[in-house]
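Let's take a friendly walk through this structure, one region at a time. Please have the model open as you read.

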Amino acid sequence: TAVSLLPFRMPFLGGDATVDSNEDDPRPDFVYEHPYVSSSYYTSTKSINTLVSTEDYQVTRNLRRMAAEEAGDASQREMKTRLAIVRPFCEFDAEALPMTFACWNGLTPCKAAQDAIGDDYDEDDEFEVGPNGEFIAYKNSTEGRKLYEGLGDRHLFDFVGSDAMKSAKADVFLFYSQTFSENEVAIKAVDTIIDQFFEPGGWSQCFDNIYAIEANIPQELDLYIPSAQEELYNWVNGPNRQYEAAFRIIQSGEWGDYDGFYLMEGDSVPIKSHWLDVVLSEIEVNRPFAILGAQYDGDKWDNFYEQIPISLLHHTNGNAIYNTSHPLLERLVGQLEVEAPCPYNSIPYDYRMSQMWVEGTLGIVPELAPKIMLNEEGENITLSDNINMFKKWADIWEKETPFKYTPVIHNYAATNLIPRHLGPEYIIHGAKLYSPWDPTRTEVTLVVSEWFFDRSIHLI
């Protein structure tokens, strides 16, 4: 882990308050200007050092870049892809947020940072790749030839070139579900991550900017209560509203012009180096799309697989890449917003968008939990008939396959894994990854507790 070079700052470890020597100093002017003024983090944090670093290393640099672009500076790189990496969190996981970035230093997001962080192997020594990361030819080496022949002609996204970031831009968004000014723990967690971002070297070299944004969901409505999903229509209201807010914030362009965003929750964990390069390459290869992600790859559904609705079986998990300019996704998100006060809000946003698509393509109207379909007087609620509207959407966009899947991201929610279970994926979501027992590193002692006279002798 890198050591902070910022003066007079103690890292936030989840316990004692952060100490800043210049807490009473005036805040930099940028915190009162757009886009920063739209997030209460910048006017609420007590870490003036963090704000000063943001001004020195990000705000001023961006102003210079904008001036160069307006002046027609030919040295400014042309962007094919502008991606926002959105890291959503709520009040219950705010304290642990900095720890979710620990593996980003161990597994370099991009090849541009591998010299600073360290990397033992460089595929460029063996392979030649095209501008979009596609494999062109193996170089004149025995190992290169063996690997190429063994893999055949499938899409070799493992061989993304080191120039992947030259025509792409990626920024990190730390996205709080409520309001920063009302939660000191969330503020300090973001302080820690931003301080790490501006340290020399490390994963920050793979990203241009880091921002702190908020959904401003009232605390009493920021709900996620899976145990009440059969009874409470807004049990998943927090994630649903936060997703809509993420879409609108990135789509608005206030924080910059982006083609879309990757909603990457804290339990979406990179397991290979250069994962950001590969994600950007997959975006280029799969254009056009509305949503690019993964279906469920775990084993928790095996015993009741045949009973699962088709819209759930084939839904794209929420940890996916969203094209904010796609007209179908605009309509899907707009429908989520319309349905917020009704029983359909009892369906998580990713599953609900799949239901809309299945209703439009196959005519299957979803069934909701009986108790959720009752109003306060105990009477059944009549939902609007949307099948014709959804069918129109399907007629327009079905042929282009707006929902696409990438093997780079795997969804293993609630699945226990060991390394040999893994394949081509670079990022896994929701899994518990265990290392095999290594007797040379860890000793195991068997203790037999005797519960009856001489009984334990028979067990030995």
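Is Leu368 buried or exposed? This is a predicted model, and in it Leu368 counts as buried because its relative accessibility is 15%, while the cut-off for buried is under 20%.

## Around Leu368

To find Leu368, look in the loop between α11 (349-362) and α12 (387-397). Setting aside neighbours within four places in sequence, the contacts of Leu368 are Pro343, Tyr344, Ser346, Ile347, Met373 and Leu383.

Leu368 and Tyr233 are 135 residues apart in sequence, yet the distance between their C-alpha atoms is 9.8 Å.

## The chain as a whole

Stepping back, the protein chain holds 12 helices and 12 strands. It has 460 residues, and 49% of them count as buried.

What share of the contacts with a separation of 6 or more comes from residues 24 or more positions apart? In the protein chain that share is 72%.

## Where α2 meets α6

Next, turn to a pair of helices. Helix α2 spans residues 48-70 and helix α6 spans residues 184-197. They pack at an angle of about 35 degrees, and their axes are 10 Å apart. The crossing of α2 and α6 is left-handed.

Which residues make this contact? From α2 come Thr50, Thr54 and Gln58, and they meet Asp191, Ile194, Asp195 and Phe197 of α6. Sorted by class, the contact of α2 with α6 comprises 3 polar, 2 nonpolar and 2 charged residues.

## Cavities

Rolling a probe the size of a water molecule over the atoms shows where empty space is left. For this model, the count is 2 cavities of 30 Å³ or more.

The second largest cavity has a volume of about 50 Å³. Its lining consists of Asn240, Arg241, Glu244, Leu336, Glu339, Ala340, Tyr344, Asn345, Ile347 and Arg352. Helix α7 (residues 237-252) contributes the most to this lining, with 3 residues. By class, the lining of the second largest cavity has 4 charged, 4 nonpolar and 2 polar residues.

## Backbone points to check

Most residues other than glycine have a negative phi, and most peptide bonds are trans. Here are some places in this model to compare with that.

Start with the peptide bonds. The one joining His34 and Pro35 is cis, with omega about 5 degrees, and Pro35 sits in the segment before α1 (41-44). Another cis peptide bond runs from Arg287 to Pro288, where omega is near -5 degrees. Pro288 belongs to the loop between α8 (275-286) and β8 (291-293).

Now for phi. His274 is not a glycine, but its phi is positive, at about 65 degrees. This residue is in the loop between β7 (268-270) and α8, and with 7% relative accessibility His274 counts as buried. Ala414 also has a positive phi, near 60 degrees. Ala414 lies in strand β11 (residues 409-417), and it counts as exposed because its relative accessibility is 52%, where exposed means over 50%.

Ser39, like Pro35, is placed in the segment before α1. With a relative accessibility of 1%, Ser39 counts as buried. Beyond its neighbours within four places in sequence, Ser39 is in contact with Phe180, Ala212, Ile213, Glu214 and Trp255.

The last stop is Glu398, found in the loop between α12 and β10 (403-405).

Notes. Residues are numbered from 1 along each chain as its sequence is written. This is a predicted model: local features need pLDDT of at least 70, side-chain atom pairs count only at pLDDT 80 or more; totals for chains, interfaces and linings use all residues. Side-chain values use heavy atoms; hydrogens and water are left out. Axes are lines fitted to C-alpha atoms, for helices over the stretch in contact, and angles run from 0 to 180 degrees between N-to-C directions. Helices (H or I, at least four residues) and strands (E, at least two) are DSSP runs, numbered from the N terminus. A crossing is left-handed if the near helix is turned anticlockwise from the far one by less than a right angle, and right-handed if clockwise. Contact means heavy atoms within 4.5 Å. Ala, Val, Leu, Ile, Met, Phe, Trp, Tyr, Cys and Pro count as nonpolar, Asp, Glu, Lys and Arg as charged, and the others, Gly among them, as polar. Buried means under 20% relative accessible area, exposed over 50%, partly exposed in between (1.4 Å probe, protein chains only). On a 1 Å grid over the protein atoms alone, a cavity is a set of points where a 1.4 Å probe fits but cannot get out, and a pocket is an open set with protein on both sides within 12 Å along at least five of seven lines; lining residues have an atom within 4 Å of a point. Grid points are joined across faces, edges and corners, and a volume is the space filled by probe spheres set on the points.
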